[in-house]
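Biologist: Can you put the model up? I'd like to go through the helix packing and then the cores.

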Amino acid sequence: MRILLVEDEARLASAVERYLRESAFAVDVAGTGKDAIFLANVNPYDAIVLDIGIPEPDGFEVLRRLRERGNAARVLILTARDGVEDRIHGLELGADDYLVKPFALGELRARLRALLRRGESLTPDVLRVADLELDGNAQKAVRGGRAIPLTAKEYALLEYLVRNEGKVVGRAEISDKVWDERYDPASNLIEVYINRLRRKVDAEGAPPLIHTRRGAGYVLSQEADGDPG
């Protein structure tokens, strides 16, 4: 899942970005309202973590403009202000939730996952396909009772494939949702990670779940058709 973090305090932004990446989120960072609006208009974010105290313009104005333009990403506002009026104002502008600084990073992650579970099309944190099970809260994968050791990025890619079970997803869609602005579309990074997942998920003679659709992309499915290699 891809997150836009809008925070002008460099040390806090770095800590939050690192924590969310370790929690299997793809993260882009903006330090001003202008940069936030630009990034939100060109990238398909699942959620936006928005500090209302940012400059040029402030977070309230960023939120107003995004909602005015029809941006439907979940928005969690961060505020150092204790006033109830500020929180009410943010919610009235279209924010989905808020956190008051200082906050625990674990609570931020939990609130983001709760936001991303909202809506009819969103699936729960425990996902199952055949004998493969993913626990989003613990970031653990198990197949046939065997724990699968995964890096944060490997988990993020596998989770995206599982959430789209049976649907062919192309490289562009994967890069939009699993990687961030630093991804180089000319690289073979996605293929490298797909091959890593195959070695781990489809290991030990298990029926392959990850399939290639030549010229189209990849699909996670119990069906045996297609090219598993």
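This is a predicted model: local features need pLDDT of at least 70, side-chain atom pairs count only at pLDDT 80 or more; totals for chains, interfaces and linings use all residues.

Biologist: Start with H3 and H4. What angle do they pack at, and how far apart are the axes?

Modeller: Helix H3, residues 59-68, packs on helix H4, residues 84-93, at about 15°, and the axes are 9 Å apart. Angles under 35 degrees count as roughly parallel, so H3 is roughly parallel to H4.

Biologist: Is that crossing left-handed or right-handed?

Modeller: The crossing of H3 and H4 is left-handed.

Biologist: Which residues make the contact?

Modeller: H3 contributes Phe60, Leu63, Arg64 and Arg67, and H4 contributes Asp86, His89, Gly90 and Leu93. By type, the H3 and H4 contact has three nonpolar, two polar and three charged residues.

Biologist: And H2 against H3, what's the geometry there?

Modeller: The axes of H2, residues 33-42, and H3 come within 10 Å, crossing at roughly 25°. With the same cut-off of 35 degrees, that makes H2 roughly parallel to H3. H2 passes H3 in a right-handed crossing.

Biologist: Who touches whom in that one?

Modeller: On the H2 side the contact is made by Gly33, Ala36, Ile37, Ala40 and Asn41, and on the H3 side by Val62, Arg65 and Leu66. The residues of the H2 and H3 contact divide into five nonpolar, two polar and one charged.

Biologist: OK, cores. How many residues are in the largest nonpolar one?

Modeller: The largest nonpolar core has 28 residues, and Leu132, Leu157, Leu158 and Leu220 have the most contacts inside it. At least two residues each come from strands E6 (126-129), E7 (132-135) and E11 (217-220), and from helices H6 (152-163), H7 (171-178) and H8 (189-201).

Biologist: Which element gives the most?

Modeller: H6 does, with seven residues.

Biologist: What does Leu132 touch?

Modeller: Leaving out residues up to four places away in sequence, Leu132 touches Leu127, Val142, Arg143, Ile148, Leu158, Val162, Val201, Leu209 and Leu220.

Biologist: What other core lies apart from that one?

Modeller: Another core, of 20 residues, lies apart from it, and includes Ala36, Ala40, Ile48 and Ile77. Ala36 and Ala40 are also among the H2 residues in contact with H3.

Biologist: Last one, H7. Which of its residues are buried?

Modeller: The buried residues of H7 are Ile174, Ser175, Lys177 and Val178.

Biologist: What do they pack against?

Modeller: The buried residues of H7 pack against strands E1 (2-6) and E2 (26-30), along with H6, H8 and E11.

Note on methods
Residues are numbered from 1 along each chain as its sequence is written. Side-chain values use heavy atoms; hydrogens and water are left out. Axes are lines fitted to C-alpha atoms, for helices over the stretch in contact, and angles run from 0 to 180 degrees between N-to-C directions. Helices (H or I, at least four residues) and strands (E, at least two) are DSSP runs, numbered from the N terminus. Angles under 35 degrees count as roughly parallel, over 145 as roughly antiparallel, 65 to 115 as roughly perpendicular and the rest as oblique. A crossing is left-handed if the near helix is turned anticlockwise from the far one by less than a right angle, and right-handed if clockwise. Contact means heavy atoms within 4.5 Å. Ala, Val, Leu, Ile, Met, Phe, Trp, Tyr, Cys and Pro count as nonpolar, Asp, Glu, Lys and Arg as charged, and the others, Gly among them, as polar. A nonpolar core is a set of buried Ala, Val, Leu, Ile, Met, Phe, Trp, Tyr and Cys residues joined through side-chain atoms within 4.5 Å. Buried means under 20% relative accessible area, exposed over 50%, partly exposed in between (1.4 Å probe, protein chains only).
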